[in-house]
Amino acid sequence: MLFRSEQSSQYQQEDTRAKSVAIVIVDTLTTLEKFCRSMPLDWILNPQRDFSAAFVHLMREPTENIHILSLECLEQLCLRGKLSYQQWMNWIKELPLVIQQTNQQLGYEQEYNQVEALASGNNSEQPDALAVQIDFHRTLSRVLATIISSHLSHVTHGKRILQQIGDEGLAFANYLRLLVDMLHHPSGVIASAQLNLWVALLRD
C-alpha cells in the first residue's frame, strides 16, 4: 500500500511538472504568434533557427492546446503570402504525416482521460472524441486551406504540381486528399473553414 502511495505521489509530481512546462510553452507561443505577424521572414525562417520547424514539432502536443497555438503561429506566417516555394513545399510534404501523429496522440490522451475518470470513480459517459477535438479540427482545416490559398501562385506556376508528377506532385495530391477527408467531418464549421480555398481554386 505504501509503495502504491509513493508511486501516486511521484506521478502527481511529474504531472504537475509537465503542466508547468506546458504553461511556459503556451506563453512563449502566444508571444511568437505576434512576432509571426510582422517580424522579417528571413529572421523567423532562417535555416539556422527555423521557428516554423518548432511550430510543426509542437503540433504533436495537445497539452494546454499547444497544438492549436502552434497552428496559429504557422497561419500568421503563411497569411503574409511570402513563403518561398521550397519552404511552402516543405510544409506541404511534412504536415500530413505530422497531423497523423497528432491524431494518434489525441487518441492516446482520450484513452488516458477515460482511465483517469474511471480510477477516480467517475462512471459517467465521457464526451465524444470529435466533440472534444472540434477546436483543433476547425483550426487545422482553416490553416491547411490558408497555406494553399495564400500561395496560389506556387500552385499555378508549378508544372510538377499541375501534372501531378514527381515527389512534389504526389505530395500536393496527398495534401489535397487530407483537406477533402476533413470535409467529411460531421460539423459544418470544418467544411466552411475551407470555403475560400475551393472558390479560389475553381476561379483560377
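Which residues does His 185 touch, not counting residues up to four places away in sequence?

**Figure 1. Overall architecture of the predicted model.** The secondary structure of the protein consists of 12 helices and zero strands. Read from the N terminus, the order of elements is therefore α-α-α-α-α-α-α-α-α-α-α-α. The C-alpha trace spans about 70 × 40 × 30 Å along its principal axes. Of the 204 residues in the protein, 36% are buried. Where contacts link residues at least 6 apart in sequence, 73% of them join residues at least 24 apart.

**Figure 2. The surroundings of His 185.** His 185 lies in the loop between α10 (166–182) and α11 (188–192). Residues up to four places away in sequence being left aside, His 185 touches Leu 130, Ile 134, His 137 and Ile 190. The side chain of His 185 also reaches the backbone nitrogen of Ser 187, at 3.0 Å. His 185 counts as buried because its relative accessibility is 16%, and buried means under 20%.

**Figure 3. The largest nonpolar core.** This core has 48 residues. Those with the most contacts inside it are Trp 88, Ile 92, Leu 95, Leu 144, Ile 147 and Ile 148. For Leu 144, the contacts are with Leu 95, Ile 99, Tyr 175, Leu 178, Leu 179 and Met 182, not counting residues up to four places away in sequence.

**Figure 4. The packing of helix α3 with helix α4.** Helix α3 covers residues 51–58 and helix α4 residues 66–79. The two helices pack at an angle of about 145 degrees, and their axes are 8 Å apart. Their crossing is left-handed. From α3, Ser 52, Phe 55, Val 56 and Leu 58 take part in the contact, meeting Ile 66, His 67, Ser 70, Cys 73, Leu 74 and Leu 77 of α4. Among the residues of this contact, seven are nonpolar, three are polar and none is charged.

**Figure 5. Glu 61 in the loop between α3 and α4.** The side chains of Glu 61 and Thr 63 are joined by a polar contact of 2.4 Å. Glu 61 touches Ile 66 and His 67 as well, residues up to four places away in sequence not being counted. Both Ile 66 and His 67 belong to the α4 side of the contact with α3. With a relative accessibility of 29%, Glu 61 counts as partly exposed. Glu 61 and His 151 are 90 residues apart along the chain, and their C-alpha atoms are separated by 27 Å.

Methods: Residues are numbered from 1 along each chain as its sequence is written. This is a predicted model: local features need pLDDT of at least 70, side-chain atom pairs count only at pLDDT 80 or more; totals for chains, interfaces and linings use all residues. Side-chain values use heavy atoms; hydrogens and water are left out. Axes are lines fitted to C-alpha atoms, for helices over the stretch in contact, and angles run from 0 to 180 degrees between N-to-C directions. Helices (H or I, at least four residues) and strands (E, at least two) are DSSP runs, numbered from the N terminus. A crossing is left-handed if the near helix is turned anticlockwise from the far one by less than a right angle, and right-handed if clockwise. Contact means heavy atoms within 4.5 Å. Ala, Val, Leu, Ile, Met, Phe, Trp, Tyr, Cys and Pro count as nonpolar, Asp, Glu, Lys and Arg as charged, and the others, Gly among them, as polar. Buried means under 20% relative accessible area, exposed over 50%, partly exposed in between (1.4 Å probe, protein chains only). A polar contact is a pair of N or O atoms within 3.5 Å; within protein, one must be able to donate a hydrogen and the other to accept it, and residues adjacent in sequence count only if both atoms are side-chain atoms. A nonpolar core is a set of buried Ala, Val, Leu, Ile, Met, Phe, Trp, Tyr and Cys residues joined through side-chain atoms within 4.5 Å.
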